[in-house]
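Walk through this model one site at a time.

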Amino acid sequence: MRFHSLRARIAVVIVLLMLAAQVAGYIVISSVIRTNARSNSEEQLSVAERVFRQVLHSNGEKLTQAAGVVAADFGFREAVATHDENTVVSALKNHGDRIQADIVMLADLDGKLVADSRGPAREGRPFPFPSLITAATRQGDASTIGMIDGRLYQLVAVPVRAPLTIAWVAMGFLINDNTAREMASLTSLDVSFLDRRPDDRWSMLASSLPEKRDVRGDVARLGEENYATRVILLQSSGEPMAVMLQRSLRAAMAPFHRLQSALLVITLCGVLLSIAGSVATARSVTRPIAALTRFSRRVGLGDYAEPIEITHHDEVGELAKAFNHMQDGISERERRITELAYMDRLTGLSNRAMFNDRLQQAIENALQTERPFSVMMMDLDRFKDVNDTLGHPIGDQLLCEVAKRLLATLHRSTDLVARLGGDEFAVLLSTDDIDAAQLVAQRILKTLEQPITIEGQLVDVGASIGIVAFPENGLDMNVLLRRADIAMYVAKRSNAGYAVYDEKHDQNSSERLSLMSELRQAVEHDQLMLHYQPKMDLATRTVKYVEALVRWDHPTRGFVPPDQFIPFAEQTGYIKAISHWVAEKAIQQCAAWRANGIELAVSVNVSARELIQSSLPDTFAALLEKYDVAPEMMWIEITESAIMDDPNHAIETLDRLHALGIRLAVDDFGTGYSSLSYLKRMPVDELKIDKSFVMGMALHKDDETIVRSTIDLGHNMGLKVVAEGVESEEILTRLKELGCDLVQGFHLSRALAPSMLEAWLLDWEIANSMVPSEQVGPGSI
Ligand code: C2E
Ligand code: CA
Ligand code: CA
């Protein structure tokens, strides 16, 4: 138990409090006991003094009475008067024996001993205590304590009257150790008889104490430290006499000592009990806290399995309840977060993160239990078309429907269906049997063939599925996914619906990889170049505009058309470097032409990705300044679908470009289903009708309708309208009739290198100044 623990502190505080209480109790009771013992001893001394005086008094009475009886005896008086010594002695002896007197004497009026119980030898000697007789003469009888022959006696003297006093009877008890002991047994105290010597020393004559000692000093302060002492001065003849009553303090304290010992034991027991009690209390207080702590740690580790048990109905119980609430809240939120993190919000399927997790898990399981599995990657065909033509909401609903059908096709709970993003789905199948996997793929394709109707529209969607098996096609998650992806592309390309991965497929994908590094080199090693395709004004037949189109002259592959690497560059993000290169090259070219007296406005294509990057206007502003080109000479073409991907963002960027003075054209118009309201808000100057409509005009009436209405729409909005993909004179004429402003197409010229374009322009001008007719372009001559 460490001291900084709550339990230790509670225990220590309680123990200290209890200890203080016990010790204080012990001290108070002990001091009461000591005071009590002292006052008790004092009281005993007082009682003993009274008893002692009483005994002395009653012994005196006894002696006086016995002496009185003998003195009053007629025969005795006669014997005294007649000096019949034998009778006197025997009478004295008889009466003395009756009360067991130790000494009986008869003294004549001259103070001489007539008879003495101690023997005839003392007759004729003086009576030892003449003062006693003097006192008895005054009072009738008298009593004293005195020494005779070195022994201590209590003596009385009574006159013998016939009727005048003719002699004195003296009778006494010897006072020796026995007397002292008797006294001691009556008073329960030690009794000592003392007399004072001429040298101021008090000598112990008789005592109940086992050892006699002489004591010095003031009589009132006689005694020793270990005794409670009282000294009584006695009436005596001769030397001063005193009796000392002593109470042994140790003896007096003995019962109290027992009490004290008992008290000490009780105190110690109390202390021990309080220690035990406080430890128990502390534990009972801290145990639920410890339980809550353990519980919190468990929750901290993410174990929400059990709520904490509520055994207390006090504050601790309330706290436990609060903890349980907290745990519920945390686990619920965590569940929700996990759900959000691992769920595809649109379809409710698992997302890519979840799929990767489960795939990794499946790989680990499979390595241990040798339970193989397969993975399917699926991509919808023509989904982009659906999205583009019917709009995102329909596209979203289509994805949900596909998800539903996928789930319905897979029965096993161990199978996992996920949407990896866009129109890409993946399935984790708990079988490595390629035939079984192919059957599943067929089932999926079949279920997607069933007509899908969304908001009354019949939507036709197909899919391509790539299949890989673990462990045959790879042991690593990324390898498996990449190979499933490759198989899927193979399926798409071959229109087979599904394809099982084969090693030979991989060559194509390595092609893709090398394309990436080659593209990087293309910019660095100047393999890219810009060709320029002219745009002709139908009204004036002048060429004042060209469109810059990027070309890649690959050292081994030869000429690579932009359609084959621009989308790839967009996917990989490399488009940024290409675009910058194109912009700089085009602006540079524009400046060069102007320096040579050729006024050509150049338009460049900008991809959707860059439209979102707000650095685009700054890039152009910097380049225009660098080459000192007027902004009106620059055009930017953005496809309609790029704008519609994120119209708000697009408008913002376009506004900034427009503010610079750069002109804007909506490319591939008619394919993106723009909302007119957006179009109206955009600072565009030109609409470029998509070449598919222009080229289709000759064959399809619908296309012509679209072209016509686009021209009208553009004009209504105050925009110039350009038709691209003009391949023939008829189309050109028709466009002119429809009021189209500008044309661009192979009929005029393909995109040409700058020097070629300059030559073409020269020819063009010559041809048109010579033949102001419907005959146009060198190609048609
Ligand atoms: P786009 O912007 O629609 O460019 C017009 C495309 O139509 C060019 O193809 C052009 O050669 C072709 N074309 C012009 N007249 C005719 C015609 O009469 N008949 C036919 N069949 N085709 C005609 P290209 O040069 O292969 O470019 C294809 C696409 O590549 C361009 O379509 C454009 O989206 C993209 N692209 C080209 N250069 C760049 C560039 O520098 N940056 C970006 N981001 N994209 C570019
Ligand atoms: Ca274009
Ligand atoms: Ca176009």
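Donors are N, O and S atoms within 2.8 Å of the metal (3.2 Å for Na, K and Ca); water is not among the atoms, so sites may look incomplete. This is a predicted model: local features need pLDDT of at least 70, side-chain atom pairs count only at pLDDT 80 or more, and totals for chains, interfaces and linings use all residues. Residues are numbered from 1 along each chain as its sequence is written, ligands are numbered from 1 in the order in which they are written, and side-chain values use heavy atoms, with hydrogens and water left out.

Along the chain, the donors of the calcium ion (ligand 2) follow the spacing E-x57-N-x31-E-x29-D. They are Glu 547 (OE), Asn 605 (OD1), Glu 637 (OE) and Asp 667 (OD), at 2.1 to 2.4 Å. Asn 605 sits in strand 21 (residues 601-606) and Asp 667 in strand 23, so the pair ties together parts 62 residues apart in sequence. Strands here are DSSP runs of E, at least two residues; helices are runs of H or I, at least four. Asp 667 also coordinates the calcium ion (ligand 3), which lies 4.1 Å from ligand 2.

Now turn to ligand 1. Its shell has 20 residues, and Asp 667 is among those that come nearest; near means a heavy atom within 4 Å. Strand 19 gives the largest share, 4 residues. A polar side-chain atom of Glu 727 lies 2.5 Å from a nitrogen atom of ligand 1. For Lys 691, a polar side-chain atom is 3.2 Å from an oxygen atom of the ligand.

Definitions and conventions:
Polar contact = N/O pair within 3.5 Å; in protein donor to acceptor, adjacent residues only side chain to side chain.
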